Amino acid sequence: MPEAKASPRKKTIYGEHFPSQAHKLCLLGATDKDLATFFGVCKRTLTNWKKQHPDFNLAVQKGQKAADMEVAASLYQATLDRVISIKQAIKCKEVYYDQNGKRVEKERVEIVEVEKHIPADFRSQQFWLKNRNPQQWSDKHDDDDVENDKSITLNLGSGLNPHETTD
């Protein structure tokens, strides 16, 4: 039986413009898998490019870090109550009477700034706290970390002992 030969892969040659493209793609949230697909290479080749071309690696890191920081800032803002100013179109109606006593209505649109209250998003707060301080905010508590002290001591002050009987 003849041996099957592996089909030769088309070798993609690294280009000097790749760092700029990678940076832009990472700003859009591209992962290493996405970058490999975009450049038409496997993940191993992409990893080799990062090792062999420090400018490419730096562009990827900077793009990913910048995108992460934007998302983190947006998530943080979602955890807070805030007031924002928005522009809103309103219709104004002017009613008057002309010289003949006929009622005349005139409408115009004005753009005004309106303050709008944006309430904090509970899910964003929950996500933030659980990831920021999982020991305090996690739904799951590990009983092995906490010593189980079975005895409870209460200081009831200097009053009478309820278990003693008085004669």
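**Exercise 1. Lys50**

Lys50 lies in helix α3, in a model that is predicted. Work out whether Lys50 counts as buried or exposed, and find which residues Lys50 touches beyond four places away in sequence.

*Solution.* Begin with the cut-off, which says that a residue is buried when its relative accessible area is under 20%. Lys50 has a relative accessibility of 18%, and therefore Lys50 counts as buried. Next, look for its partners, leaving aside residues up to four places away in sequence: Lys50 touches Asp32, Phe56, Asn57 and Val60.

**Exercise 2. Helices α2 and α3**

Determine how the axes of α2 and α3 are oriented to each other, and list which residues make the contact.

*Solution.* First take the geometry: the axes of helix α2 (residues 32-39) and helix α3 (residues 43-52) come within 9 Å and cross at roughly 100°. Angles of 65 to 115 degrees count as roughly perpendicular, and α2 and α3 are therefore roughly perpendicular to each other. The contact is made on the α2 side by Asp32, Lys33, Leu35, Ala36 and Phe39, and on the α3 side by Lys43, Leu46, Trp49 and Lys50. Sorted by class, the residues of this contact of α2 with α3 are five nonpolar and four charged, with no polar ones.

**Exercise 3. Helices α1 and α4**

Carry out the analysis for α1 and α4, stating how their axes are oriented to each other and which handedness the crossing has.

*Solution.* The axes of helix α1 (residues 18-27) and α4 come within 7 Å and cross at roughly 15°. Angles under 35 degrees count as roughly parallel, and α1 and α4 are therefore roughly parallel to each other. As for handedness, α1 passes α4 in a right-handed crossing. The residues that make the contact include Phe18, Pro19 and Ala22 of α1, together with Phe56, Ala59 and Val60 of α4. Divided by class, the contact of α1 with α4 has ten nonpolar, three polar and two charged residues.

**Exercise 4. Thr79**

Locate Thr79 in the chain, decide whether Thr79 counts as buried or exposed, and describe its surroundings.

*Solution.* Thr79 is found in the loop that runs between α4 (54-78) and β1 (82-97). Its relative accessibility is 10%, so Thr79 counts as buried. Turning to its side chain, a polar atom there lies 2.5 Å from the backbone oxygen of Tyr76. Finally, when residues up to four places away in sequence are not counted, Thr79 touches Ala120, Asp121, Ser124, Gln125 and Trp128.

Terms used: Residues are numbered from 1 along each chain as its sequence is written. This is a predicted model: local features need pLDDT of at least 70, side-chain atom pairs count only at pLDDT 80 or more; totals for chains, interfaces and linings use all residues. Side-chain values use heavy atoms; hydrogens and water are left out. Helices (H or I, at least four residues) and strands (E, at least two) are DSSP runs, numbered from the N terminus. Buried means under 20% relative accessible area, exposed over 50%, partly exposed in between (1.4 Å probe, protein chains only). A polar contact is a pair of N or O atoms within 3.5 Å; within protein, one must be able to donate a hydrogen and the other to accept it, and residues adjacent in sequence count only if both atoms are side-chain atoms. Contact means heavy atoms within 4.5 Å. Axes are lines fitted to C-alpha atoms, for helices over the stretch in contact, and angles run from 0 to 180 degrees between N-to-C directions. Angles under 35 degrees count as roughly parallel, over 145 as roughly antiparallel, 65 to 115 as roughly perpendicular and the rest as oblique. A crossing is left-handed if the near helix is turned anticlockwise from the far one by less than a right angle, and right-handed if clockwise. Ala, Val, Leu, Ile, Met, Phe, Trp, Tyr, Cys and Pro count as nonpolar, Asp, Glu, Lys and Arg as charged, and the others, Gly among them, as polar.
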